[in-house]
Amino acid sequence: MILELLFPNRCLGCNRIIEADLLVCELCFQQIDFTHFSYFDDHFIKEKCRLLFPVAHTFALMQFKKENLSRKIIHELKYKSREKAGKILAEWTSERLEFKDEKPDLLISVPLHPKKLKERGYNQLHIFTEQLSEFYEIPFDHHLIKRNYYSKAQALKDKQHRLETENTFSITRAISGKHILIIDDVFTTGNTLATIAWEILNAGNNKVSVLVIAADI
């Protein structure tokens, strides 16, 4: 309680004091660039993914633009160790994402290298994935895919380095006949998702879909 008085929770958009379990105030919430397309729509993310790998369905919660509020929210999730950010983003997703009769069999998130995980102390996607798992009653597996190399954050790489993803990931166990939803925070080139997707597709008779919190367009 003392910490809340000394360091009150503030809106990421306008900096006004808000309730402890919120990220933004009601007014700033209206400024978030939600995508408003469904899991089954044909849109630019699905088109980009299909150029790289066979994808069943795709979904993005928000648009990720320079200096917009979505960018601040993702930064809060990735670098501020705020557990509630993952939970709130999962809640916003569950309010907008409907699987209908094509619910995936398994949820996985893009893994961090163990060294990066130790540095950061947590994987920003784990809480988000676990919250979705609970809401949709779909199991998750944080260990199906492992990252083989330590690297800089994707946002710090130039375009050429972003394309150098060969052998970055590997699958850790046999899996076949499953529909797997790959979860990432920001969609940029799609190459990270493609590398993971091909590991899963080559492992057996699987299919993949993609869910990203924000799409960089």
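The crossing of α5 and α7 is right-handed, where a crossing counts as right-handed if the near helix is turned clockwise from the far one by less than a right angle, and as left-handed if anticlockwise. This is a predicted model, in which local features need pLDDT of at least 70 and side-chain atom pairs count only at pLDDT 80 or more, while totals for chains, interfaces and linings use all residues. Residues are numbered from 1 along each chain as its sequence is written, and side-chain values use heavy atoms, with hydrogens and water left out.

**Helix pair α5 and α7**
- Helix α5 (residues 83-94) packs against helix α7 (residues 124-136) at an angle of about 40°, and their axes are 8 Å apart; axes are lines fitted to C-alpha atoms, for helices over the stretch in contact, and angles run from 0 to 180 degrees between N-to-C directions.
- The two helices, α5 and α7, are therefore oblique to each other, a class left over once angles under 35 degrees (roughly parallel), over 145 (roughly antiparallel) and 65 to 115 (roughly perpendicular) are set aside.
- Residues E83, G86, K87, L89, A90, T93 and S94 of α5 meet I127, F128, Q131, L132, F135 and Y136 of α7 (contact means heavy atoms within 4.5 Å).

**Sheet**
- An open sheet is formed by four strands in the order β1-β6-β5-β2, with parallel pairing; two strands pair if DSSP finds at least two bridges between them.
- The edges are held by β1 (58-64) and β2, each with a single partner strand, so one side of each is left without a neighbour in the sheet.
- Neighbouring strands of this sheet are turned by 20° against each other on average, direction ignored.
- Strand β6 (residues 207-216) is joined to β1 by six bridges, and the two run parallel.
- M62 stands opposite A214 in β6.

**Helices on the sheet**
- Helix α4 (residues 69-79) packs on the sheet and touches β1, β5 (179-187) and β6, its direction making about 110° with that of β1.
- Helix α5 lies across β1 and β6, running at about 120° to β1.

**Confidence**
- The chain averages a pLDDT of 87, and 84% of the residues score at least 70; pLDDT is the predictor's confidence in each residue, from 0 to 100.
- Confidence is lowest in helix α8 (residues 159-162), at a mean of 50, and highest in strand β2 (residues 106-109), at 98; helices (H or I, at least four residues) and strands (E, at least two) are DSSP runs, numbered from the N terminus.
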